[in-house]
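Reader: Could you walk me through this one? I would like to start with a pair of helices and then move on to whatever else deserves a look.

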Amino acid sequence: MFGYSMIQTVRNYASKLDRPLRNELVNLYKPLKFTPCFLHRVLENRLKQKKKISVIVQFHQEAYESGCHQIEGIINSHRKNKLYQYYSRISCCSADMTPDSLEILLTNCKHVKKVYKNREVHALLDVAVESANAKQVVRNNTMLTGKGTKIAILDTGIYPHQDLSGRITDFVDFINYRSEPYDDNGHGTHCAGDAAGDGSLSSEKYRGPAPAASVAGVKVLNDTGAGSLDTIMQGVEWCIQYNESNSDSPIDIISMSLGTEPYDYGGEEDQDPLVQIVEEAWSSGIIVCAAAGNSGPDPQSISSPGLSDLVITVGALNDRDTRDTRSDDEVASFSSRGPTIYGQEKPDILAPGVDIISLRSPNSYIDRLQKYNRVDGDYFVMSGTSMATPPICAGIVSLIKEQNPLLTPDEIKELLKNGTDLWEDRDHNIYGAGYINAENSIPK
């Protein structure tokens with residue numbers, strides 16, 4: 001097996017290929033173990049020319065333009081290759097490449113820093129608002145509702161539910177490229193309602209923390225709740241560019257109830273491209289709230305991009321349907337635990353994430369699959385760190401931004417962590433700084 005040219009390339013350039021991509025390239029050759037030796041060369045050549053692999057190529061920052069020019073030449077010389085997106089902020093581009101063109105790139109382009117497999121990213125599957133003290137927060141004799149703020153929901157889309165009427169100000173679709181708001185999965189609609197539903201169809205019974213906030217639907221996951229690094233990165237890049245063109249009504253918060261398996265790239269300075277792009281959003285002034293993941297109770301299970309040390313990473317708490325007591329609250333069994341693969345303490349905070357009732361997207365994938373989860377016709381019950389991230393973190397951040405629009409992402413993160421209800425005797429890699437508390441976190 002080691003005699004194959006692509007296997008030799010993988011060995012020679014292992015430091016420039018992430019582990020999932022190395023594994024995929026090596027596994028391509030497994031079927032050849034059962035073919036006669038005299039056919040190996042012919043079959044390998046055919047395999048290298050016809051198999052397409054979706055990758056994200058990162059160049060050294062100082063050589064980004066030269067690297068893009070070189071990869072364009074390689075892409076154009078191979079019929080099955082295709083170049084998709086450029087990400088100049090993090091010196092990356094996404095492409096479909098055949099193994100032989102990837103071999104040429106690695107052998108001849110000295111500007112390549114790392115090549116990543118364009119991995120799959122998945123969605124991470126009513127007293128919650130009150131449990132987090134996020135209902136009827138009053139400052140300066142005014143009830144905070146998130147008015148004047150905007151939350152971008154990077155997910156499966158948003159169904160135009162009545163509880164969001166007039167407040168879906170923007171919608172962009174990186175899956176099917178449709179222009180009108182829709183949600184063929186249901187997860188994104190639930191998340192949007194968790195954050196900003198006004199409860200108009202339930203006499204405000206199922207209302208989010210920020211019922212007057214605007215929402216931007218950014219569809220980056222398909223009807224089954226799956227996407228790729230590339231589609232998520234496009235969504236984050238769109239948010240950054242949106243703010244560069246809309247300074248009068250910018251996106252204040254990105255809510256990401258999604259994640260992918262974390263991989264150790266040798267240190268926090270060499271994070272995967274998804275983490276790099278969300279940190280660019282954070283640096284541009286957008287608060288990013290990311291789900292910790294649903295891979296608990298194992299340690300080091302914080303998903304990407306939640307493992308970023310900058311973004312606000314939210315784990316799920318089981319409040320046992322009691323809003324007035326903390327004594328029976330505990331972390332949800334499925335909530336991912338720290339430390340991260342880089343040894344950093346995570347999650348940052350916990351928020352209610354079990355049996356959360358929010359908006360239903362009729363006839364969507366989840367709606368058809370889990371009919372028994374429908375509530376009062378227009379609502380739906382779900383559990384997961386997805387449900388903890390948008391309603392509590394993003395919603396409460398919206399209230400903080402309404403109260404003081406000048407606060408930076410770092411300052412807001414500190415307010416949230418310092419305002420939690422603490423458990424002194426509990427592991428911070430499980431419980432973070434504690435249970436989020438809007439009343440304590442929003443300055444008086």
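**A helix pair, burial and backbone geometry**

Author: The crossing of α1 and α2 is left-handed, and please keep in mind throughout that this is a predicted model.

Reader: At what angle do α1 and α2 pack, and how far apart are their axes?

Author: Helix α1, residues 5-12, packs against helix α2, residues 19-27, at an angle of about 160 degrees, and their axes are 9 Å apart. That angle makes α1 roughly antiparallel to α2, since anything over 145 degrees counts as such.

Reader: Which residues meet there?

Author: From α1 the residues are M6, I7 and V10, and they meet R22, L25 and V26 of α2. Sorted by class, this contact has five nonpolar residues, one charged residue and no polar ones.

Reader: Switching to the whole chain, how many helices and strands are there, and what share of the residues is buried?

Author: The chain has 14 helices and 20 strands, and of its 444 residues 59% are buried.

Reader: Where does α7 sit, enclosed or open to the outside?

Author: Helix α7, which covers residues 187-196, is largely enclosed by the rest of the structure, because ten of its ten residues are buried. Among them are the histidines H187 and H190, the cysteine C191 and the aspartate D194.

Reader: And S398, is that buried or exposed?

Author: S398, which lies in helix α11, residues 385-403, is buried, as its relative accessible area is 0%. Setting aside residues up to four places away in sequence, S398 touches G146, T149, I151, A210, A213 and I253.

Reader: What about Q70, which helix is that in, and what does it contact beyond its sequence neighbours?

Author: Q70 belongs to helix α4, residues 64-76, and outside the four places on either side in sequence Q70 is in contact with N108, C109 and H111. Its C-alpha atom is separated by 8.2 Å from that of L105, a residue 35 places away along the chain. With a relative accessible area of 26%, Q70 counts as partly exposed, because that class lies between the 20% limit for buried and the 50% limit for exposed.

Reader: Then which residues have a positive phi without being glycine?

Author: S203 is one of them, with a phi of about 55 degrees, and D376 is another, with phi near 55 degrees. S203 lies in the loop between α7 and β10 (214-219), whereas D376 lies in the loop between β19 (374-375) and β20 (379-382).

Reader: Are those two buried or exposed?

Author: S203 counts as exposed because its relative accessibility is 72%, and D376 counts as exposed at 58%.

Definitions and conventions: Residues numbered from 1 in each chain as written. Predicted model: local features only at pLDDT ≥ 70, side-chain atom pairs only at ≥ 80, totals over all residues. Heavy atoms only, no water. Buried < 20%, exposed > 50% of the residue type's maximum accessible area, 1.4 Å probe, protein only. Helix = DSSP H or I, 4+ residues; strand = E, 2+ residues; numbered from the N terminus. Axes fitted to C-alpha atoms, helices over the stretch in contact; angles between N-to-C directions. Parallel < 35°, antiparallel > 145°, perpendicular 65-115°, else oblique. Left-handed = near helix turned anticlockwise from the far one by under 90°. Contact = heavy atoms within 4.5 Å. Nonpolar A, V, L, I, M, F, W, Y, C, P; charged D, E, K, R; others polar.
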